[in-house]
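Cut-offs are given where a term is first used.

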Amino acid sequence: MSAFLIHIHTGPEDPTKATLGCLIAATALKEGHDTRVFMAGEAVRLLDPGIVETLEGQGTGKLCDHLAEIAEHGGRLYLSGMSA
């Protein structure tokens, strides 16, 4: 088992790039890897309820689905306090 730290700094203005990190994290967790997600800068806005429910990347899926998978498989999200 490997350990991953995925750093996301892209916000909702680029949904494909923003959801990609969460897709990677969800996939790694499903494969049994220890995975953490660190969100900084504009990425902190991804957790706004209005954005979580509607953001979808082209070919990278829905943010709400990825976050549900991350939670279901024991992943952790860390947010930059300076960005929040």
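The points below cover conventions, the first helix, the strands and a few residues.

1. Conventions. This is a predicted model, in which local features need pLDDT of at least 70 and side-chain atom pairs count only at pLDDT 80 or more, while totals for chains, interfaces and linings use all residues. Residues are numbered from 1 along each chain as its sequence is written, and side-chain values use heavy atoms, with hydrogens and water left out.

2. Length of helix H1. Helices (H or I, at least four residues) and strands (E, at least two) are DSSP runs, numbered from the N terminus. The expected span of a helix is 1.5 Å times one less than its number of residues. For the 16 residues of H1 this gives 22 Å, and the end C-alpha atoms are 22 Å apart, so the two agree. After H1 comes Gly32, with a positive phi near 95°.

3. Packing of H1. Buried means under 20% relative accessible area, exposed over 50%, and partly exposed in between (1.4 Å probe, protein chains only). The buried residues of H1 are Ala18, Thr19, Gly21, Cys22, Ala25, Ala26, Ala28 and Leu29. They pack against strands E1 (3-8), E2, E3 (56-57) and E4 (61-62), and against helix H3 (63-72); contact here means heavy atoms within 4.5 Å. An α-helix has 3.6 residues a turn, so residues three or four places apart point the same way.

4. Ala25. This residue of H1 counts as buried because its relative accessibility is 0%. Leaving aside neighbours within four places in sequence, Ala25 is in contact with Ile6, Thr35, Val37 and Ile70. Ala25 and Val37 are 12 residues apart along the chain, and their C-alpha atoms are separated by 7.1 Å.

5. Strand pairing. Two strands pair if DSSP finds at least two bridges between them. E1 and E2 are parallel, with 6 bridges, and Leu5 stands opposite Arg36 in E2. E2 also pairs in the parallel sense with E5 (residues 76-79), over 4 bridges; there Met39 has Leu79 of E5 as its bridge partner.

6. Handedness. E1, H1 and E2 form a right-handed β-α-β unit. A crossover is right-handed if, with the strands pointing away from the viewer, the path from the first strand over the helix to the second runs clockwise.

7. Cysteines. A disulfide is a pair of cysteine sulfur atoms within 2.5 Å, and the count by this rule is 0. The sulfur of Cys22 has its closest cysteine sulfur in Cys64, 11 Å away, which is too far for a bond. Cys22 is buried, with a relative accessible area of 0%.

8. Histidines. His33 sits in the loop between H1 (15-30) and E2 (34-39), and its side chain reaches the backbone nitrogen of Ser2 at 3.2 Å. Not counting residues up to four places away in sequence, His33 touches Met1, Ser2, Phe4 and Ala28. His66 lies in H3 and counts as buried at 9% relative accessibility. With the same exclusion of residues up to four places away in sequence, His66 touches Thr19, Cys22, Leu23, Ala26, Thr60 and Gly61.

Terms used: Polar contact = N/O pair within 3.5 Å; in protein donor to acceptor, adjacent residues only side chain to side chain.
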